[in-house]
Each structure stands twice: as structure tokens, then as C-alpha cells.
Protein chains: 2
Amino acid sequence: MKMNSHQKMSAEAVVLVAARFKVLAEPLRLQILQHLENGESSVTAVTKAVNSTQPNVSKHLKILQDEGLVAKRQDGNTVYYKIADQSIFELCELVCGSLKERFTERIAMFI
Amino acid sequence: MKMNSHQKMSAEAVVLVAARFKVLAEPLRLQILQHLENGESSVTAVTKAVNSTQPNVSKHLKILQDEGLVAKRQDGNTVYYKIADQSIFELCELVCGSLKERFTERIAMFI
DNA sequence: TGAGCATATAACTATATCGTTATATTGTCA
DNA sequence: TGACAATATAACGATATAGTTATATGCTCA
């Protein structure tokens with residue numbers, strides 16, 4: 001999707017954007033998203049991958065789904081989740097780049 | 001800065017990225033950043049612009065500074081803050097685009 | 001049908017943080 | 001120097017949420 005030229009967000013938009021950031025502000029949720037980047041995965045598989053407990057992972061998956069970041073599909077007994085919004089990885093890369101730049105500057109201070 | 005091709009973040013990197021998102025997960029801080037987009041501004045001016053209290057704004061500005069998102073400059077009695085990391089606006093635009101897309105899909109459900 | 005598995009939910013504790021009020025700090029200028 | 005202005009910090013109450021434990025729900029298959 002092409003972005004609009006930048007303009008100030010309304011107060012309501014700011015709240016929604018902050019809510020999106022809040023959902024991404026949890027290390028375990030980022031780990032879950034990273035795991036799902038490999039493809040859809042059952043709750044049990046996610047639980048093992050991120051080394052947490054099943055109820056905790058279920059709760060986080062629900063939060064991610066409510067924000068539209070993941071989608072689920074049920075097959076018999078097991079529920080498979082997958083990424084529903086690729087923009088999250090762009091966000092992470094942007095942040096990684098910014099952090100990298102910041103730490104690079106800090107290193108430069110000691111040269 | 002050019003981004004690397006995407007690769008999985010380490011557990012430590014995930015924590016740092018989540019921390020960055022956490023700083024952005026507050027509507028008032030986003031409002032402050034939006035105000036500073038117009039150029040540097042004193043604490044008092046920011047306080048008025050976002051319609052909050054001076055101690056609250058000072059605290060949020062400190063949080064933003066600790067994360068390297070804003071920088072300050074003191075001139076006599078007053079302290080001026082400015083944006084120190086332009087990537088935050090790219091982040092906001094990405095999120096806005098994603099939200100817009102999401103709501104567009106929802107609208108489509110009613111047509 | 002009933003045992004067992006996968007997932008979701010409820011209840012709870014512990015911790016974090018927002019906003020407020022009060023106060024400390026630091027600089028200006030008469 | 002002393003009053004005032006701008007900013008920072010401390011202390012506090014209220015709210016939110018992460019993780020845990022226990023349990024409910026729902027599906028499969030013998």
C-alpha cells in the first residue's frame with residue numbers, strides 16, 4: 001500500500017496508533033510473531049517455540065488477533081495462527097535500523 | 001539508512017525493539033512528538049500544545065530522551081526539545097497505513 | 001458414549017506506569 | 001541578593017497487564 005504524504009494525526013488516530021504500538025511492546029508477542037513468520041503454527045507449537053505456557057500464549061494470541069495482526073483457522077482440535085499483517089516486520093526492521101544507528105553513534109563516542 | 005534483508009531478531013534485540021514500541025505506545029507521547037515535528041519547542045510550549053501539565057510533560061520528555069527519540073538544548077532558563085530520530089514518523093505512517101487498510105476491509109464487509 | 005487432547009477463559013498476584021500534587025533546582029533580572 | 005519563572009524530581013493513588021494456576025470448552029477417536 002502506498003503511504004499518504006505525511007500529515008498530523010487526529011487525536012483519535014493517535015490513540016489507535018498508540019494501541020498498535022502497545023500490542024507490539026511486549027517481547028513475548030514479538031517472539032510469537034517472529035515464529036509465525038515461518039508460516040502458520042498451532043498454539044502448542046507456538047508455546048514450545050517461545051518457551052512459555054499454553055494459557056499465556058493463548059492470551060497473547062488473542063491480543064494479537066484483536067489487533068488484526070494474526071488470523072486463526074481451526075482444524076479439528078487444533079487452532080492454527082498465521083500472520084495477517086505484514087507491516088509488523090517492516091516496523092521491526094525500521095526500529096532495528098534506528099537502534100543500530102543509535103548504538104553505532106555510541107560506539108563512535110569511544111573512538 | 002538502508003535496511004538489512006530481514007532476519008530473525010535475537011532474544012535481546014526483541015527486548016530492545018519492544019522497549020522502543022513501548023515508548024511509542026502512549027498517546028500523549030505521540031502527541032508530543034507530533035508537536036515537535038514543527039520544530040524545537042520549550043517544555044512550556046509543549047505543555048500547552050498537548051494540553052497537559054508541566055510535570056507530566058517533563059516526565060514524558062525524559063522517557064522520550066532516554067530512548068533517543070528527542071534531544072534537548074538549554075538556553076538560559078528554558079529547555080528546548082527537538083526530534084532526534086526521524087524514523088518515528090515512518091513508523092507512525094506505516095501503522096496508519098495498516099490501520100487504514102484494516103478499516104477499509106471492515107467497510108467492505110458491509111457493502 | 002466417554003476418555004483424552006488442544007485451546008480458551010477465569011481468578012489471582014505482582015509489577016509497572018500514568019497523572020496529580022507538592023517541592024526542589026536552576027537561571028534571570030530588578 | 002531576592003523574587004520570580006522554567007524545569008525536574010519525589011511521592012502517591014489508581015489503573016492496567018503479564019504470568020500463573022485451575023478449570024471450562026470443544027473436538028477426536030476408540
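A residue counts as buried if 20 or more other C-beta atoms lie within 10 Å of its own, as exposed if 12 or fewer do, and as partly exposed in between, with the C-beta atoms placed from the backbone. Now the source. This is a predicted model, in which local features need pLDDT of at least 70 and side-chain atom pairs count only at pLDDT 80 or more, while totals for chains, interfaces and linings use all residues. Residues are numbered from 1 along each chain as its sequence is written, and chains are lettered from A and ligands numbered from 1 in the order in which they are written.

I start with chain A. It has 5 helices and 3 strands, in the order α-α-β-α-α-β-β-α along the sequence. Helices here are DSSP runs of H or I with at least four residues, strands are runs of E with at least two, and numbering goes from the N terminus. Chain A has a radius of gyration, taken over C-alpha atoms, of 17 Å; the globule rule gives 13 Å for 111 residues, so the chain is more spread out than a compact globule. That rule is 2.2 Å times the number of residues to the power 0.38. Of the 111 residues in chain A, 31% are buried.

Next, one position in both chains. Most residues other than glycine have a negative phi. Asn51(A) has a positive phi, near 60 degrees, and sits in the loop between helix H3 (43–50) and helix H4 (54–66) of chain A. Is Asn51(A) buried or exposed? Asn51(A) is exposed, with 10 other C-beta atoms within 10 Å.

In chain B, Asn51(B) has a positive phi of about 60 degrees. Asn51(B) counts as exposed because 10 C-beta neighbours lie inside 10 Å.
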